[in-house]
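Thanks, everyone. Please bring up the sequence and the model, and let's walk through the fold.

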Amino acid sequence: MLILITYDVNTTTPEGRKRLSKVAKKCLAYGQRVQNSVFECVVDATQFKQIKLQLADLIDSETDSLRFYNLGDRYKSKVDHFGARASYDIEGPLII
């Protein structure tokens with residue numbers, strides 16, 4: 001399934017900047033950055049639960065926010081892209 005993760009981390013303190021870095025790195029472990037604080041991740045149900053718990057543990061719920069959008073398995077018809085930085089096919093072949 002494709003999930004979209006968006007976040008807003010308060011970076012007015014050094015701790016907030018550290019949290020921002022940790023959240024971004026964790027999201028990169030599961031998918032690709034499509035905008036500054038937006039990631040597309042193709043995961044199964046177990047991975048979805050894991051990333052939600054992991055990210056919830058990283059943020060400060062008083063000042064930061066997370067949003068998860070589940071676009072399901074038939075997501076290709078639900079995503080339109082215009083402009084720079086076109087994404088790659090996460091499920092496509094990897095050529096090295």
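Which residues does D8 touch, not counting residues up to four places away in sequence? The answer is T63, D64 and S65. A touch here is a contact, meaning heavy atoms within 4.5 Å.

Ground rules before I go on. This is a predicted model: local features need pLDDT of at least 70, side-chain atom pairs count only at pLDDT 80 or more, and totals for chains, interfaces and linings use all residues. Residues are numbered from 1 along each chain as its sequence is written, and side-chain values use heavy atoms, with hydrogens and water left out.

Back to D8. D8 lies in strand β1, residues 2-8. Strands are DSSP runs of E, at least two residues; helices are runs of H or I, at least four; both are numbered from the N terminus. UniProt, in an unreviewed entry, places the feature "binding site" at D8. Such annotations may be inferred rather than shown by experiment. D8 is exposed, because its relative accessible area is 52%. The cut-offs: buried is under 20%, exposed is over 50%, partly exposed is in between, with a 1.4 Å probe and protein chains only.

Now D64. Buried or exposed? D64 is buried, because its relative accessible area is 7%. D64 is found in the loop between α2 and β4. Leaving aside neighbours within four places in sequence, D64 is in contact with D8, V9, N10, R19 and I59. The D64 side chain makes a polar contact with the R19 side chain, at 2.7 Å. A polar contact is a pair of N or O atoms within 3.5 Å; within protein, one must be able to donate a hydrogen and the other to accept it, and residues adjacent in sequence count only if both atoms are side-chain atoms. A polar atom of the D64 side chain also lies 2.8 Å from the backbone nitrogen of N10.

Next, the sheet. Four strands form an open sheet, ordered β2-β3-β1-β4, with antiparallel pairing. The edge strands are β2 and β4 (65-72), each pairing on one side only. Pairing takes at least two DSSP bridges between two strands. β2 (residues 31-35) and β3 (residues 38-42) are joined by four bridges. A hairpin of two residues links β2 to β3. R33 has F39 as its bridge partner in β3, and G31 has C41.

Last, the helices. α1, residues 14-28, lies across β1, β2 and β3. α2, residues 45-58, lies across β1, β3 and β4.

Technical notes
Axes are lines fitted to C-alpha atoms, for helices over the stretch in contact, and angles run from 0 to 180 degrees between N-to-C directions.
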